[in-house]
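This report looks at one strand and its partners, and then at a few backbone features in loops. Please keep the sequence and the 3D view at hand while reading.

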Amino acid sequence: MKKLYFLVLLEFISVCAFAQKKPKIDANKKAVIASLDGKFDELTELSDKIWSYEEIAFQETKSAEALVAYAKAQGFAVKTGVADIPTAFIAEYGSGEPIIGIMGEFDALPGLSQKTVPTKDPLNEGKPGHGCGHNLFGVASLGAATAIKELIEEGKLKGTVRFYGTPAEEKFFGKLWMIRAGLFDDLDVMMDWHPSADTKADVQSSLALVDFMVEFYGQAAHASADPWNGRSASDALELYTTGINYYREHIKPTVRIHYHIQDGGKVVNVVPDYSRIWTRVRDTKREGMDVVWKQVERIAEGAAIMANVDYKISLISGIHEVLPNRAGGTAMQSNLEYLGEISYTNEEVEYAKGIQRATGKPEVGMDMKINPLEETKEHPGGGSTDAGDVSWVVPTIRLGVTTAPKGTPWHSWAVVACGGMSIGHKGMVYAAKALSMTMVDLFENEKLRDEVKAEYKERKGDYEYKGIVPDGPPPLNGLE
């Protein structure tokens, strides 16, 4: 009996200790949590619509229309077709300062269509799928903006909330043209998040990158009867990729080089007179990327000389690394700790293990913990995002939330499989809560806004931002 009493007492002390550690929140934060709990079903329905539309960069017509319709129904004033992009839009509510923005993406990736099952099984063979969770991204951000809008409407917060519908993140980087149009210039702070396999305030940078097309122009000829009359554009392409691959030994570990051969000739018995290859260069720092970029362009010139053909290099677009903000990340961290871990059913955990089994990962299920605030690394790994460019024109607070099992390969069918079912739905609404709670902090606390802005200015220094984007309109119809 004494042992049982002792165990109960120990448990009571443990619960009390946890309760003491859990951060307190004000009425406005409680209100946004309650609002989003009440909207769980409608946000899930909206996300599932976008998941089913499977629309790629600059073609997200139905997805944008669904988000715009929801924003209008919630009372936002909406501007569509901004920055000469039909699927880009802004939804705004309120007036005056501060002006807090939040971004939402909604484009899918080619060839990743998938059913909501834990084994690879395309829903529409060969069609796109949300392999980066953007169906969750846009809806969570708009949900967060809606919760803030309600507080402004009720007179509990003062200022303006603005949702940015930002298309084409996976290819072409639509935010670059929105920046060029000056759409972020008057913001105090921007909010951003991304689906992930874990949950944390994101205080890391990303990789800068540049995309460019290399085209080679030669002379066609019969490949057997008179190849001496031909000048092979395909030879130049192969020499170019060979040069890149030899160059890899002499670049820093932070650098990544990718390429996609788009045209290497049409038939085997013709010396091809045309070839085309999409090239991408990345580094953790824009300056390092620039050096490699110029050398890879020189390799293209050398390949053209060796194959005796002409060549052309065309800039597609490029993006900056993210400018982290630890002041904003600290505020976000406090809200994550209040919200605590996402809970999953036994069925969801088994689904997660099925995903891990199918992708060759340890079958550990979901990562439910709230990660502590990390030290900001000088050279992080990972990918790239055009949110990086936004972070150079307005202070940006970022978040990652669990929407797929631990170890899930991103940009794969496995992420699509989770984004259309309850694991993704739970992460989506959790993200909306964390984002809106941090926005409450920003609206209520001028000192926090000043700290976020001061850190932004210090990190940016005297660098004058200039987007890596060609003149002219965005490539809405792709690249020919």
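A residue is called buried under 20% relative accessible area, exposed over 50% and partly exposed in between, with a 1.4 Å probe and protein chains only. Helices (H or I, at least four residues) and strands (E, at least two) are DSSP runs numbered from the N terminus. This is a predicted model, in which local features need pLDDT of at least 70 and side-chain atom pairs count only at pLDDT 80 or more, while totals for chains, interfaces and linings use all residues. Residues are numbered from 1 along each chain as its sequence is written, and side-chain values use heavy atoms, with hydrogens and water left out.

Strand β7, residues 208-217, is mostly covered, with 9 of its 10 residues buried. Two strands pair if DSSP finds at least two bridges between them. Strand β7 runs antiparallel to β11 (residues 274-283), to which 10 bridges join it, and Leu-209 has Arg-282 as its bridge partner in β11. Strand β7 is also antiparallel to β12 (residues 310-319), with 9 bridges between them, and there Met-213 has Ser-314 as its bridge partner.

## Backbone features in loops

Most residues other than glycine have a negative phi, and most peptide bonds are trans. The peptide bond from Glu-97 to Pro-98, however, is cis, with omega near 0 degrees, and Pro-98 lies in the loop between β2 (89-94) and β3 (99-104).

Ala-168 has a positive phi, near 60 degrees, and is placed in the loop between β4 (160-165) and α6 (175-180). Ala-168 counts as buried because its relative accessibility is 0%. Asn-308 likewise has a positive phi near 60 degrees, and its place is in the loop between α8 (286-307) and β12.
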